[in-house]
Amino acid sequence: MGILNVTPDSFSDGGLWIDPARAVEHGLRLVERGADVIDVGGESTRPGARRIPYEEELRRVLPVVRDLAAAGVLVSVDTMRAGVARAAVDAGARVINDVSGGRADPDMARAAARAGVPFVVMHWRGHSRGMDELASYDDVVADVTREIARQLDHVVGAGVDPGQVIVDPGLGFAKDRDDDWQLLAGIDALSRLGRPVLVGASRKRFLGTLLADPETGEPRPARARDAATAAVSALAAARGAWAVRVHDVADSADAVRVGSALRAAEHRARARTTTPLTTTRH
Ligand code: PMM
């Protein structure tokens with residue numbers, strides 16, 4: 001899943017694609033580089049970000065969704081607003097990606113149900129301005145899995161087909177960096193909810209901290225975190241993630257192939273060890 005932030009202030013690509021024509025061009029480039037889905041968002045969710053007006057979000061997102069969909073691209077809309085999701089689906093979006101998992105807007109689950117498209121339910125505890133204070137867990141993997149399961153029940157209760165739900169641990173959203181690593185190590189627990197898992201690690205803080213300058217302790221700048229992002233993509237695919245949401249698509253597309261090949265080899269090896277040692281041939 002290629003990221004297309006049509007925002008002036010996203011943490012790593014803010015301002016680059018605010019012009020709709022350039023945004024569409026970039027989306028098409030990401031498809032050429034191997035993206036299966038382009039995730040178009042008009043509102044930054046970086047830590048501390050303020051919300052933008054509804055009309056502004058619509059104005060940013062709709063022309064880009066419309067043009068990419070018309071070009072045959074599978075478009076996902078990254079929004080917490082039911083109205084934006086509805087308008088984007090009318091304009092051709094085929095996935096709704098709500099970082100709040102239906103919690104920010106009480107109409108979202110119903111809108112997703114009516115739209116009948118895949119719906120990403122991400123783990124979320126609150127809006128960006130105060131989310132860092134909400135990063136408190138007893139056992140982050142168990143707590144996040146339980147909270148997503150509760151949200152899954154909620155959206156299914158509102159009419160969403162459970163077969164259309166994709167779950168996402170929400171790396172960096174009300175998580176500290178150890179939480180992010182724990183959640184990556186715990187993808188299996190999330191997979192046991194029986195839904196495809198989406199992982200969004202691209203250029204996030206926990207990678208910047210991991211790669212900090214050894215002399216100064218300065219985190220690695222966001223745009224120099226793509227190799228680490230690709231490494232996470234390989235590991236996520238090896239652990240059975242359904243998709244990774246990334247800025248730099250080409251390297252992650254290769255990395256996902258590496259991870260998937262490893263996973264397939266592991267399955268074959270397991271199948272061999274569980275096959276009876278002696279077989280009778282007729
Ligand atoms: N992260 C961001 C935005 N949208 N959607 C999903 N499903 N999962 C994520 O982890 C996620 C998201 C923030 O990152 P960005 O500002 O680089 O887009």
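This is a predicted model: local features need pLDDT of at least 70, side-chain atom pairs count only at pLDDT 80 or more; totals for chains, interfaces and linings use all residues.
1. Residues are numbered from 1 along each chain as its sequence is written, and side-chain values use heavy atoms, with hydrogens and water left out.

2. You will find ten helices and eight strands in the chain; these are DSSP runs (H or I, at least four residues, for helices; E, at least two, for strands), numbered from the N terminus. The radius of gyration is 19 Å, close to the 19 Å that the globule rule gives for 282 residues, so the chain is as compact as a globular protein of that length. That radius is taken over C-alpha atoms, and the rule is 2.2 Å times the number of residues to the power 0.38.

3. As for the interior, 50% of the 282 residues count as buried, meaning under 20% relative accessible area (1.4 Å probe, protein chains only).

4. Strand β5 (residues 119-122) deserves a look, with buried residues on both faces: F119 and V121 on one side, V120 and M122 on the other. In a regular strand the side chains alternate between the two faces of the sheet.

5. Next to this, strand β4 (residues 95-98) runs parallel to β5, joined by three bridges; pairing requires at least two DSSP bridges. Here N97 stands opposite V120 of β5.
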